[in-house]
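User: Hi! Could you walk me through this model, one topic at a time?

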Amino acid sequence: MEQRKYTVHDREFWKIIASLLLASLFIFANMYAVQPLLPVFVSDFGVSVSTSSLSLSLTIIGLIAGLIILGFFSDRSGRRSYIIWSLIGSAIPFFILPFVESFTVFLALRLIQGFALAGVPAAALAYISEEIDRKNIAYATALYISSNALGGMIGRVLTGFLTDAFSWQFTFLAFGATGITLFIAVFLLLPHSHHFEPSQLSFSKDIEGFLFHLKNPALLVVFGLGAILQIAFTGVWTYLPFHLEAPPFSMSLQAISYLFFAYGIGVIGSPLAGRAAEAFGLRRVRVIGVFIFSAGVLMTLGPELWMVAVGLCVTCLGFFTAHSLTAASVGQQATHHKGSASSLYLVSYYIGVAAGSSLLSPVWTRFGWDVLILLCALMPALYVLTVSWYRKRAASFA
């Protein structure tokens, strides 16, 4: 008899959530650990702001390559192994990076590290959609996304705090030891898949199935929203340290790192968004999340530090509400090759990270914080309004 899928009443449901939470905590802490350190790299390595930002952008490029490749192979060979081995593969570079003297070599290692990071996000959403009962998928996805937020927050806060107290080299060694510990924990805890069905098609047919998602208009809208949201979100957080270390704020790296606790709002907001979507509809709550996000970004224009802090909290609430529900809709829109569909969504999402961290650098350099913030606030809201207008127009001609 086929085993039923897990619900919130099953112990295995919570073992899955705990395992993915631990894995996600490390992956996203790892990914964003360099973000508060960009001014430090400018000083220590003698590089420009744009070059320093490549320590995040190249990690994302490696991640994107990993999402495409590992997402494709996870449809053929399963999800669990990619989640587990991603942890140790991405931990090892942390033992090498502190001893690198060339920033070019540093960037190359971050590129490799980004590829290794991809195993968890490439497989986790598909794993959830296959092993969790349909009525609890949105909630499980929201819990997983909230761990993304928590990991990003921990990575940024701890990096800033430990670097101010010790050094960035010490911080990276601590991250490596943590990664190995979590690898052991997830290996022992994460249940084996019971509903994964490996693809029996040829590689060419699987590639056709992978690319078929790019012909699905509903999925393309979702992919586009993921990219736009992340461009704006990453743009705010990447250039925040540069904004706050300058007058009139003149804040230290440690003090700036405390503002990353705003991510805690996302940890709370994502599960609440999942529950709200079950009651009021996924699309409606997602749109509300986008406009909350834009409002929060605009609040960071305030001249007082408390206004910036509140704005960052509202920004995180809106972003993780919109992102968690956008990610959940991928599994609903894709009828096959769900791992590939999830990976393509994350590819678009992380293209947004790379663009937000590096491609917005000329905006920051030439126009400063105010113009950067106006751009980041308007992009997601205009995207949602444009998509809504197009849908209404298409319906009127149907």
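Analyst: Happy to; what follows goes from the overall fold to single residues.

The model is predicted, so local features need pLDDT of at least 70, side-chain atom pairs count only at pLDDT 80 or more, and totals for chains, interfaces and linings use all residues. Residues are numbered from 1 along each chain as its sequence is written, and side-chain values use heavy atoms, with hydrogens and water left out.

User: How many helices and strands are there in the chain?

Analyst: Helices (H or I, at least four residues) and strands (E, at least two) are DSSP runs, numbered from the N terminus. By that count the chain has zero strands and 17 helices.

User: What does the radius of gyration say about how compact the chain is?

Analyst: The radius is taken over C-alpha atoms, and the globule rule is 2.2 Å times the number of residues to the power 0.38. For 398 residues the rule gives 21 Å, and the chain comes close to that, so it is as compact as a globular protein of that length. The C-alpha atoms fill a box of roughly 65 × 50 × 40 Å along the principal axes. The radius of gyration itself is 20 Å.

User: What percentage of the residues count as buried?

Analyst: Buried means under 20% relative accessible area, exposed over 50%, and partly exposed in between (1.4 Å probe, protein chains only). Of the 398 residues of the chain, the buried share is 59%.

User: Which residue forms a salt bridge with Arg 79?

Analyst: A salt bridge is a side-chain nitrogen of Lys or Arg within 4 Å of a carboxyl oxygen of Asp or Glu, and the structure holds two of them. In the one with Arg 79, the closest N and O atoms are 2.5 Å apart. Arg 79 lies in the loop between α3 (49-77) and α4 (80-91) and its partner in helix α6 (residues 119-131), so the pair ties together parts that are 51 residues apart in sequence. Both residues are buried, and the partner is Glu 130.

User: Is Lys 135 buried or exposed?

Analyst: Lys 135 forms a salt bridge with Asp 133, with 3.3 Å between the closest N and O atoms. Asp 133 is partly exposed, at 23% relative accessible area. Lys 135 has a relative accessibility of 57%, so this residue counts as exposed.

User: Which residues is Gly 155 in contact with, leaving aside its neighbours within four places in sequence?

Analyst: Gly 155 lies in helix α7 (residues 137-165) and, at 0% relative accessibility, counts as buried. Contact means heavy atoms within 4.5 Å. With those neighbours left aside, the contacts of Gly 155 are Ala 29, Ala 33 and Phe 175.

User: Where does the cis peptide bond occur?

Analyst: Most residues other than glycine have a negative phi, and most peptide bonds are trans. In the loop between α10 and α11, Ser 250 has a positive phi of about 50° although it is not a glycine. Pro 248 lies in the loop between α10 (217-245) and α11 (253-258). The cis bond, with omega of about 10°, joins Pro 247 and Pro 248.

User: How far apart in space are Phe 320 and Leu 229, C-alpha to C-alpha?

Analyst: Phe 320 sits in helix α14 (residues 305-333) and is buried, with a relative accessible area of 3%. The contacts of Phe 320 beyond four places in sequence include Ile 145, Phe 233 and Tyr 263. Phe 320 and Leu 229 are 91 residues apart in sequence, and their C-alpha separation is 9.7 Å.
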